[in-house]
Amino acid sequence: MGGRGSGSGRSSSALDAKDVEELRQYMQDHYSVTVHSSADNVDFGVLRSAAGELESLLKEFPQAAIGIHELNGSESRSNAYASASLSGKLQLNPKMMGDRAKLDQSYENDVLVKWHPDGTSSVHIASHEIGHLLESALVFKNITQTGYYGTVDRIAAWNKHRFATKVVSEAARAAKKNAAGKGLTNDQLVAQISRYATKNRSEAMAEAVADYRANGSRAKPLSQAIWKILKRELG
């Protein structure tokens with residue numbers, strides 16, 4: 001996307017960072033993304049991988065910078081691996097991400113039961129959550145008014161999955177034109193991605209991003225179509 005800031009850190013990429021302070025400086029210098037002190041509670045290898053995935057997707061979708069501002073280690077009462085917010089925060093749950101070996105095993109089990117897309121790994125937890133942040137970027141790109149009503153409209157669009165629903169619907173029409181998607185309903189196309197994708201259209205879009213990041217041209221037809229639309233809208 002072209003760097004933002006001075007780019008004065010020693011690392012040449014997020015994945016090159018040797019410790020959390022170096023990673024924090026790199027992400028701030030190049031992308032104006034704050035790595036919050038709470039992220040120190042996340043396994044460093046997991047944190048660095050998440051930052052690397054964030055960097056890769058910001059390069060793919062430069063317009064998404066409008067909706068991505070912070071990487072943190074927000075504590076969660078649930079067993080969710082991570083979460084994302086309309087305010088542009090990628091939140092890694094240290095209860096789930098404090099031990100890389102346990103995380104990998106847990107996520108592998110999820111893939112085995114088709115809860116998450118085939119071919120993905122724990123790295124793609126970040127891909128999924130960044131998929132939600134791409135939705136946040138679509139909200140801010142399309143709802144530009146300032147003040148109270150702008151805030152209210154954005155929250156409503158986020159809570160109702162307005163832009164994710166629009167993207168998934170358009171992508172489904174495209175996927176049905178291909179042999180692999182012909183004759184399938186929108187819900188059937190979503191279910192091909194993963195069981196979790198069927199929860200709502202926001203999760204479908206986020207799972208599609210993870211699927212495409214892991215599998216590329218071998219991703220499910222709907223995932224490929226969603227990626228293409230996101231490239232058009234945010235690339």
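**Packing, pockets and salt bridges**

The cover over the buried residues of α8 includes α7 (162-175), α9 and α10 (221-234), where contact means heavy atoms within 4.5 Å. The model is predicted: local features need pLDDT of at least 70, side-chain atom pairs count only at pLDDT 80 or more, and totals for chains, interfaces and linings use all residues. Residues are numbered from 1 along each chain as its sequence is written, and side-chain values use heavy atoms, with hydrogens and water left out.

Helix α8 spans residues 186-193, and its buried residues are Leu-189, Val-190 and Ile-193. Seen down the axis of α8, they fall within an arc of 100°, so they line one face of the helix. The arc is that of the directions from the helix axis to the C-beta atoms. Buried means under 20% relative accessible area, exposed over 50%, and partly exposed in between (1.4 Å probe, protein chains only). Helices (H or I, at least four residues) and strands (E, at least two) are DSSP runs, numbered from the N terminus.

The largest pocket holds about 310 Å³ of space. Its lining has 18 residues; Ala-80, Tyr-81, Ala-82, Glu-129 and Tyr-196 lie nearest the centre. Two or more lining residues come from each of β3 (82-84), α4 (100-112), α5 (124-142) and α9 (201-215). α5 gives the most, with 5 residues.

The structure also holds 1 cavity of 30 Å³ or more. The largest cavity has a volume of about 80 Å³. α2 supplies the largest share of its lining, 3 residues. On a 1 Å grid over the protein atoms alone, a cavity is a set of points where a 1.4 Å probe fits but cannot get out; a pocket is an open set with protein on both sides within 12 Å along at least five of seven lines; lining residues have an atom within 4 Å of a point. Grid points are joined across faces, edges and corners, and a volume is the space filled by probe spheres set on the points.

The whole structure has 10 salt bridges, each a side-chain nitrogen of Lys or Arg within 4 Å of a carboxyl oxygen of Asp or Glu. Glu-53 pairs with Arg-213, the closest N and O atoms being 2.6 Å apart. This pair links helix α2 to helix α9, 160 residues apart. Glu-53 is buried, at 7% relative accessible area. Arg-213 is partly exposed, at 28%. A salt bridge also joins Glu-170 and Arg-232 (2.7 Å, N to O). Lys-141, Glu-170, Arg-232 and Glu-233 are linked in a network of salt bridges.
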